[in-house]
Amino acid sequence: MAHPLVSEVEKLVQSNDVVIYMKGSPDFPMCGFSSRACAVLKAAGVEKIASFDVLSDDDMWTALEDFTQWPTVPQIFVKGKFIGGCDIVGEMFERGELQDLLK
Amino acid sequence: MTSEQLQARIQQLHPETLVEVNDLTGTQDHWQVLVVSPVFDGKMMVEQQRMIMGLLKAEIDSNEVHALSMKTFTPEQYKKFKGK
């Protein structure tokens with residue numbers, strides 16, 4: 001049985017082009033990886049980043065990990081699809097894959 | 001887990017998989033791996049990495065593998081990457 005809050009995660013990621021679940025927020029990141037992921041997204045030309053601070057809601061954090069089956073944060077979604085964490089987003093940016101996805 | 005064991009485990013993805021492993025700390029639990037495999041064709045990077053993590057689920061859960069940094073490519077992507 002999926003976590004009851006998974007539907008909340010789905011709603012947020014379906015209603016925004018770029019969503020990041022992170023520690024803190026893009027303007028006040030509370031962890032190096034989260035901060036770096038936001039910087040990469042901005043470098044790739046993303047102006048509007050919808051974000052959710054997992055530190056503010058443990059239940060949502062659990063639902064997120066249940067939904068993506070990915071153990072760490074930050075977690076980044078583009079057009080409703082989970083694309084990975086900080087390392088993957090950085091690597092995709094270097095290969096130009098992130099920019100293609102954002103078109 | 002030794003580098004040979006890790007290499008053999010990832011090789012299970014596909015006979016034509018290229019696997020290079022690097023022990024980052026000499027303690028056999030912080031690994032950096034390069035994996036090039038035809039099974040990655042058409043898959044997002046996160047799916048490619050999930051396939052590797054799936055092969056190592058027991059060692060990751062038991063913390064025998066503590067850190068795993070992965071660079072994954074399809075054969076075509078790797079040619080392009082090396083061609084740079």
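Gln28(B) is partly exposed, because its relative accessible area is 35% (buried means under 20%, exposed over 50% and partly exposed in between, with a 1.4 Å probe and protein chains only). Before going on, note that this is a predicted model, in which local features need pLDDT of at least 70 and side-chain atom pairs count only at pLDDT 80 or more, while totals for chains, interfaces and linings use all residues. Residues are numbered from 1 along each chain as its sequence is written, chains are lettered from A and ligands numbered from 1 in the order in which they are written, and side-chain values use heavy atoms, leaving out hydrogens and water.

Back to Gln28(B): you will find this residue in the loop between strand S1 (18-23) and strand S2 (30-36) of chain B. (Helices, H or I with at least four residues, and strands, E with at least two, are DSSP runs numbered from the N terminus.) Its phi is near 60 degrees, a positive value in a residue other than glycine. Asn63(B) is not a glycine either, and has a positive phi of about 70 degrees. Asn63(B) sits in the loop between helix H3 (57-61) and strand S3 (67-73) of chain B, and is partly exposed at a relative accessible area of 45%.

Now look at Gln48(B), in helix H2 (residues 45-55) of chain B. Is this residue buried or exposed? With 2% relative accessibility, Gln48(B) counts as buried. Its side chain makes a polar contact of 2.6 Å with that of Thr72(B) (a polar contact is a pair of N or O atoms within 3.5 Å; within protein, one must be able to donate a hydrogen and the other to accept it, and residues adjacent in sequence count only if both atoms are side-chain atoms).

Let us turn to the nonpolar cores. Such a core is a set of buried Ala, Val, Leu, Ile, Met, Phe, Trp, Tyr and Cys residues joined through side-chain atoms within 4.5 Å. The largest one has 36 residues, and Tyr21(A), Leu41(A), Ile76(A) and Leu98(A) have the most contacts inside it. Strand S1 (residues 18-22) of chain A gives the most to this core, with five residues. A second, separate core has 15 residues, including Trp31(B) and Phe40(B).

Tyr21(A) also leads us to the aromatic rings. Over all chains, the structure holds eight aromatic pairs (rings of Phe, Tyr and Trp, the last by its six-membered ring, pair if their centres lie within 6.5 Å; planes under 30 degrees apart count as stacked, over 60 as edge-to-face and the rest as tilted). Why is the pair of Tyr21(A) and Phe52(A) tilted? The ring planes stand at 40 degrees, with the centres 5.6 Å apart, so the pair is tilted. This pair links distant parts of the chain, 31 residues apart: Tyr21(A) is in strand S1 and Phe52(A) in strand S2 (residues 50-53) of chain A. Tyr21(A) counts as buried, at 1% relative accessibility.

Finally, see how the chains meet. In total, 10 residues of chain B are in contact with 14 residues of chain A, where contact means heavy atoms within 4.5 Å. Together the two chains bury about 1100 Å², 61% of it on carbon and sulfur atoms (buried area is the accessible area, with a 1.4 Å probe, that two parts lose on being put together, summed over both). Met44(B), Met45(B) and Val46(B) supply 50% of the area that chain B buries against chain A, more than any other three residues.
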